[in-house]
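Please look over the sequence and the structure shown here before reading on.

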Amino acid sequence: MENHNSDVKTPILTKKPCMLLVDDDRKRLSLVEEALGGDYELLSASGATEALSMVRALPNPGDVQLILTQFHLTGGTSQGLQLLDDLKTVVPKAMRMLISSPNNADVFRSLIKESSIDAYFIESADAEGIEHRVSREFELFQEQIKSANIVQALEQKNQQLYKTLLLYT
């Protein structure tokens with residue numbers, strides 16, 4: 001399902017991950033929708049305010065698993081980054097990804113180190129390149145979550161074993 005502008009709809013629950021796309025350039029947004037529509041349930045917004053309203057209006061905002069936004073949105077240089085920060089409280093487990101020109105690559109690398117974003121990629125007019133990069137980054141993100149969950153489960157088991165061991169010593 002694709003949503004455009006203020007037409008807020010609930011994503012259809014399928015096996016496809018739900019992605020929020022945000023870009024104020026309609027042509028670029030259409031390219032990304034075309035590239036990713038087969039693999040994801042898409043919610044599309046043309047700006048930060050619209051995107052926030054759209055996600056907050058969902059019955060279960062946690063259904064959004066990936067947020068892909070343009071770095072430069074109308075209204076400010078780093079509007080996309082501010083949007084990702086604002087959405088952190090609404091959808092804290094969603095992957096946060098920025099798209100921009102090559103000029104911002106160094107900035108993005110530092111943002112990843114600071115955990116402000118999970119991934120970025122440089123704009124491309126190539127739909128296949130967009131699909132490949134987003135899919136690869138999302139798969140890596142999901143694997144990191146699985147690994148973190150396994151580590152957490154193992155730590156809990158270790159604590160239980162330690163308590164059991166203390167009882168018998």
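A salt bridge is counted where a side-chain nitrogen of Lys or Arg lies within 4 Å of a carboxyl oxygen of Asp or Glu. The model is a predicted one, in which local features need pLDDT of at least 70 and side-chain atom pairs count only at pLDDT 80 or more, while totals for chains, interfaces and linings use all residues. Residues are numbered from 1 along each chain as its sequence is written, and side-chain values use heavy atoms, with hydrogens and water left out.

By the salt-bridge rule the count comes to seven. Asp23, Asp24 and Arg28 are linked in a network of such bridges, and within it the closest N and O atoms of Arg28 and Asp24 are 3.9 Å apart. For accessibility, buried means under 20% relative accessible area, exposed means over 50%, and partly exposed is what lies in between (1.4 Å probe, protein chains only). Arg28 is partly exposed, with a relative accessible area of 23%, and Asp24 is also partly exposed, at 28%. Another salt bridge joins the side chains of Glu33 and Arg26 at 3.3 Å, N to O; here Glu33 counts as buried at 5% relative accessibility, whereas Arg26, at 42%, counts as partly exposed.

Helices (H or I, at least four residues) and strands (E, at least two) are DSSP runs, numbered from the N terminus. In helix α5 (residues 127-167), Glu137 and Arg133 are four residues apart, which separates them by about one helical turn, and their side chains meet in a salt bridge of 3.0 Å, N to O. An α-helix has 3.6 residues a turn, so residues three or four places apart point the same way. Glu137 counts as buried at 11% relative accessibility, while Arg133 is partly exposed at 23%.

The strands come next, and two of them are said to pair if DSSP finds at least two bridges between them. Five strands form an open sheet in the order β2-β1-β3-β4-β5, with parallel pairing. Its edge strands are β2 and β5 (119-122), each of which pairs on one side only. Five of the five residues of β2 are buried, so this strand is largely enclosed by the rest of the structure. Glu41, Leu43 and Ala45 point one way from β2, Leu42 and Ser44 point the other way, and all are buried. β1 and β2 pair in the parallel sense over five bridges, and the bridge partner of Cys18 in β2 is Glu41.

Strand β3 contains Leu66, which is buried with a relative accessible area of 0%. Taking contact to mean heavy atoms within 4.5 Å, and leaving aside neighbours within four places in sequence, Leu66 is in contact with residues including Cys18, Leu20, Tyr40, Val134 and Phe138. Ala94 is 28 residues from Leu66 in sequence, yet the two are 5.0 Å apart in space, C-alpha to C-alpha.

Finally, consider helix α2 (residues 48-57), whose buried residues are Ala48, Glu50, Ala51, Leu52, Met54 and Val55. What covers these buried residues includes β1 (18-22), β2 (41-45), β3 (64-70) and α3 (79-87). For directions, axes are lines fitted to C-alpha atoms, for helices over the stretch in contact, and angles run from 0 to 180 degrees between N-to-C directions. Helix α2 lies across β1, β2 and β3, running at about 135° to β2. Helix α3 packs on the sheet, where it touches β1, β3 and β4 (95-100), and its direction makes about 160° with that of β3.
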